[in-house]
Each structure stands twice: as C-alpha cells, then as structure tokens.
Amino acid sequence: PKRSVLSLQRQKRSPHAYNPQLRELKLFAKKLNDCENNEGAFLSVLEQFPHQPNRENSLLILNSLKPWQKAYLFFNWLKTNNFFPMETIFYNVMMKYLRLGGQFEVIEELANEMVSNEIPLDNITYSTIISCARRCYHFDKAVEWFERMYRTGLMPDEVTYSAILDVYAKLGKVEEVISLYERGVASSWKPDMVTFSVLAKMFGVAGDYEGIKYVLQEMKSVEVRPNLVVYNTLIEAMGRAGKPGFARNLFEDLIESGISPNEKTLTAIAKIYGKARWEKDALKLWEEMKSKNWPVDFILYNTLLAMFADIGLVEEAEQLFIDMKRSENFKPDSWSYTAMLNIYASGGNVDKAMELFEEMFEVGVELNVMGTTCLIQCLGKTRRIDELVRAFTVSIQQEIEPDDRLCGCLLSVVSLCDNREDIDKVLACLHQANPRLVEFVELIEDEKSSLDTVKEEFRRVLSDTKDDARRPFCNCLIDICRSKNLHERAHDLLYLGTLYGLYPRLHNRTADEWSLNVRTLSVGAAKTALEEWMGTLAKIVKRGEALPELFSAQTGTGTHKFAQGLSNSFGSHLKELGAPFKNSEDKVGCFVATREDLLLWLQSKIPSSSTVIS
C-alpha cells in the first residue's frame, strides 16, 4: 500500500487548564492592550505582572494580546527573561498573530530559531508557515516548507493540504496539483469545498474545459455538493473556457439546489450572456433579478449595462440607467455612461449619444477613453466631423490618454470621410494621439512610395501597436486606400498584413473545397482579399492546374442586434464582379460556387485578369 500523504485529523490545540487567577490575569491583559503601542510603555506595564510568570499564565496573556506587535514584544520578553523553557505552543500562538499581520519574514525567523534550539515543529507550525507564505504571495517559500515538512516524516492535515494545493495552482503547476490531489484521495482523504474551489479556479484561469469537467466529475464521485463559492468559481471558469451553455446549466443547477445567487454570481453570468449575445437568456436573467429581488452592487449594475450594450437591448438599458439615477447608492459613474454611449453608438442614435455627452458635463462625470471611442465611432459614421473634433478635444483636455482602439476608430473615420477638409480634421486629431500613424497614412497616399519603404514603415507601426489592434489597423488602412481608389496599395497592405501574420486563417484548402475566410476583415479588406483570390485562381486556371469541386467564401454573420453585416457588402461586391457565388442554403454568411461555374467565369476573365485583381 502507498504511504499516506496526509493526516486525516486536524491537530487540535491544547486546552488551557483552569486557572484560579483567571480574572486577575484578564484584567492585566486588558491593561497591556490599552497601553500605548510602543516598547517603553508596554515594558513599563509588564513590570506590574501580578504573579511570577509561568507556562499557564504566560500562555493566557499571550493569547489575549492584540495587535501582533504587542504580542511579539511579550513573546520576546518571555524569551529574554527565561522564566521557563519555551515550547512549541508558544511559537504556534505567536506565529498565528504574525500571520494575521502578514509578517512572513518574522515567522520564518521564528521557525529557524525553533530548529536551532531543537524545539519541535508540529503540524500546526508548518500549517501556519505555509498558509502565511501563501497569503503573502511567497509561493516558493510555501513549497519549500511543505517539502521540509515531508522530509521530517510529518503528515500535513486537511487545511495544510488544501493550502499547498492552492499554492501549486497559483504557480501554474497543474501536474503537481493533480498528483497531490489524487495521492490525497488515495489516502482516504475527502476533499472539501476549498479544495474543489482551488481546482476549479486553476482550470478556469487556463480556460481548460476538460479540467473543469474533471473537477465536476470528482465532486460527483465523492458526493460533494458545491456551495455558492464553488458555483461562482465554476461559472466564471466556464465563461473563460468559452462554454456559455455549461455556465448556464451550472447557474440553473444553483437555483434548483435552493442556493440564492449573490452579486458575484450574477455579475459572472451577465458577462457570459453578454459576450455570447444571448438576448433571450439575458432578458430572463433581468426579469428574475427584479421578481426575486436578488442582491445587486455597483459592479453588477455596470455589468448589466454592458450586457445590454453587447446585445443591443436599448429599452432595458435605458430603464436600468434611470433606476441607477434614482438610486441613492448606485449613481451612474463613468463606466455606466460609457455603456450607454456604446448602445447609442452601435444603434447609430447620435442625438441621444450627444445628449448623454452633454449630461456628463452637467453631473460632473468624467469621460473615459472607451466612452470617447464609442462617441467618435458614432459621430464618424454619421459624418458629424465638427462634433467629433469637439469630443476628442474634450477628452484631451480631461487628460485622457488615447489608446490603440481610439486610434483605430479615428483611422476608420478617415476612410468614411467624403472630402479632404473632413479628412484633415480627423487626421489632426489622430496626429495628437499617434503621429507615426498619420505619417504612414501620408506615405501610402503617395503613389511614388515603393513597396519596400511601405513595408519598413508598416513594420515600425506594428511594433508600436498592441497585438489585438494590429489587424484592425491594417483593415482600416486598406479601407482608406480603397476610399481613395488606391487599389494597388490596398493589395500591398493585404500582402504585408498576411506576411506579418495578421490574417492567419484567410485561406484553407482541402481536396474537395477551397475557401476564403474574411470574418475578421473590414469591408474594404474583404473585397481586396476576394479580388486577390480571384486573381490567383485565374492564374491557376491559365496554367491548367486541377481545381476542387467546391469554392466558398465565408463572411460570418454578426450576432449583435445593430451589427452592420459584412455579408451584405461582400455579396454586393460579388455581383459587381459578376462572380458565380451564391448564398449557401446550409450556412448563413457563406457564399459558394461550383468548379464548373467558377471555371467558366474565370476563363472569360483571363484575358482581362488584371481588372479582376485591381
């Protein structure tokens, strides 16, 4: 049989023996607690100790002191005067105080002192050291003391075992966590809620769906029903793993089990529904919250507004926003207004967006960078450039630092502008936010700029840009080129974007089907990619190479209520080119063409293939 890896009984502290001097000693302890928190004053009161200090009365006084600084002064006084041999229990009590004060370094000094003085470290000593190291984020020290504990032959109890599992989880040592867990279970240990919460959080942070399933299976096998904390952890984990359906099932299971959700539960599930754009479930959640009077806090209010913004539920968002204004405790803040600006911007309701913008000034709520971005996006789409400039100017005056998303929004507006005057106004704003980006726009507008020069400058622009904004930048730059009829330059940028890994899944080929995936492209970039693809296919036909049975172009379909469908613009462009692609009957946002139809069309285009790819 395998050696046991933990003690299945939590070691109990020794009870105090009855002391007839108890009342007098408690009054003295109160006197110590009430004195000034400095060494001189404390030692002065200690001189009035009512009896000769011994093991029992000293332990009672030590257990009664607060804060930890006074307990530590008393502990050192006992050691210095050497009234009696110091035992493990004194060190354990002192370490408990130090753990509450987050004093890991002092605890470690005491532990090493115990080793030097040959005072035995027991289960409680190691548990206190390890749990304090974990609280103070000294995870390496927690592991070090856990391993020392094992080398002494002392078995950790359940509390220590759960603590070290959490440490390994925070260090990302998944294999060690599973190994320790399974060894503990094999030793007849029954894991508690804390353990399962640790495991769920570890797999949730990694977005490991299989790991989360493992936790659920283990809970079922040991017949442990999750409590609210574990449910919250599992729901958040499912959200991170991209499994909204399983998160919903867990939430429903929580309700059916008779547990009332708290603010954290509702915040987690609202985020998940918003991200998944599940309108029906979001509305059901909102109605349940109102009818069952579930608890809310400020974070939950803002999360609900963000959920309504993600799904496009305008009336519900407006009602919630009004409720917040009427509330004494949850007045709308900068993020609340940002969520409403996002809703109005997505729906193109520029007048309401501007009313909200003016209201922010009246009530003294500052704009943030996300709210600025939403407002500029809305004003740009409706070509209200002067108001856009004003909104941007206000954000700069409020010392809002433009981020890559705001710069991308301004780039997008440049591609929408109809005249040079408006373009210059928007570029002037962009120049304040990102001068290098404006210089690059001027570079690509100059037809004399060589591809090598554009390539080098584009690389520099990307190096200054965060990863998640690089593809949107490239999309916007292609849109700008197409708006100025610089089609060749648009194709250059698509080539460079592909070269630098911005469009990794643009093309896919199997024996039976070749496909173009433009889901992550803007309208202009998608049209450019289609033209490029058709040009490449024309060359393949000209060389007489074999083609598959089916061709498809996938645009996807936006799940947002106000999403401007790429599919419609892409379909219109296919008609302009006369390409034989038709809407798929099986997939929404997918256009398909057979080999025979496409071959005939391409052969008719071969003599003028240059027009196809330009």
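Trainee: How many disulfides does the structure hold, and how do you know that Cys-407 is in none of them?

Mentor: The structure holds 0 disulfides, a disulfide being a pair of cysteine sulfur atoms within 2.5 Å. For Cys-407 the closest cysteine sulfur is that of Cys-409, and because 9.9 Å lie between the two, they are too far apart for a bond. Likewise Cys-429 is in no disulfide, with the nearest cysteine sulfur, in Cys-417, 10 Å away. Please keep in mind that this is a predicted model, in which local features need pLDDT of at least 70 and side-chain atom pairs count only at pLDDT 80 or more, while totals for chains, interfaces and linings use all residues. Residues are numbered from 1 along each chain as its sequence is written, and side-chain values use heavy atoms, with hydrogens and water left out.

Trainee: What makes Cys-407 and Cys-429 count as buried or exposed?

Mentor: The term rests on relative accessible area, where buried means under 20%, exposed over 50%, and partly exposed in between (1.4 Å probe, protein chains only). Cys-407 has a value of 2% and is therefore buried, and Cys-429, at 3%, is buried as well.

Trainee: Why is Asp-464 called partly exposed, and where is it found?

Mentor: Its relative accessible area is 48%, so Asp-464 is partly exposed. Asp-464 is found in the loop between helix 26 (451-463) and helix 27 (467-483), helices (H or I, at least four residues) and strands (E, at least two) being DSSP runs numbered from the N terminus. The C-alpha atom of Asp-464 is 9.5 Å from that of Asp-404, although the two are 60 residues apart along the chain.

Trainee: Why does Ser-515 count as buried, and which residues is it in contact with?

Mentor: Ser-515 has 10% relative accessibility and so counts as buried; it lies in strand 2 (residues 513-517). Leaving aside neighbours within four places in sequence, Ser-515 is in contact (heavy atoms within 4.5 Å) with Leu-506, His-507, Asn-508, Trp-533, Ser-552 and Gln-554.

Trainee: How much area do domain 1 and domain 2 bury between them?

Mentor: Domain 1 (425-502) and domain 2 (505-605), whose bounds come from an automatic or database domain assignment, bury about 860 Å² between them, 53% of it on carbon and sulfur atoms. Buried area is the accessible area (1.4 Å probe) that two parts lose on being put together, summed over both. In domain 1, Arg-482, His-491 and Leu-494 lose the most area to domain 2, together 55% of what that side buries.
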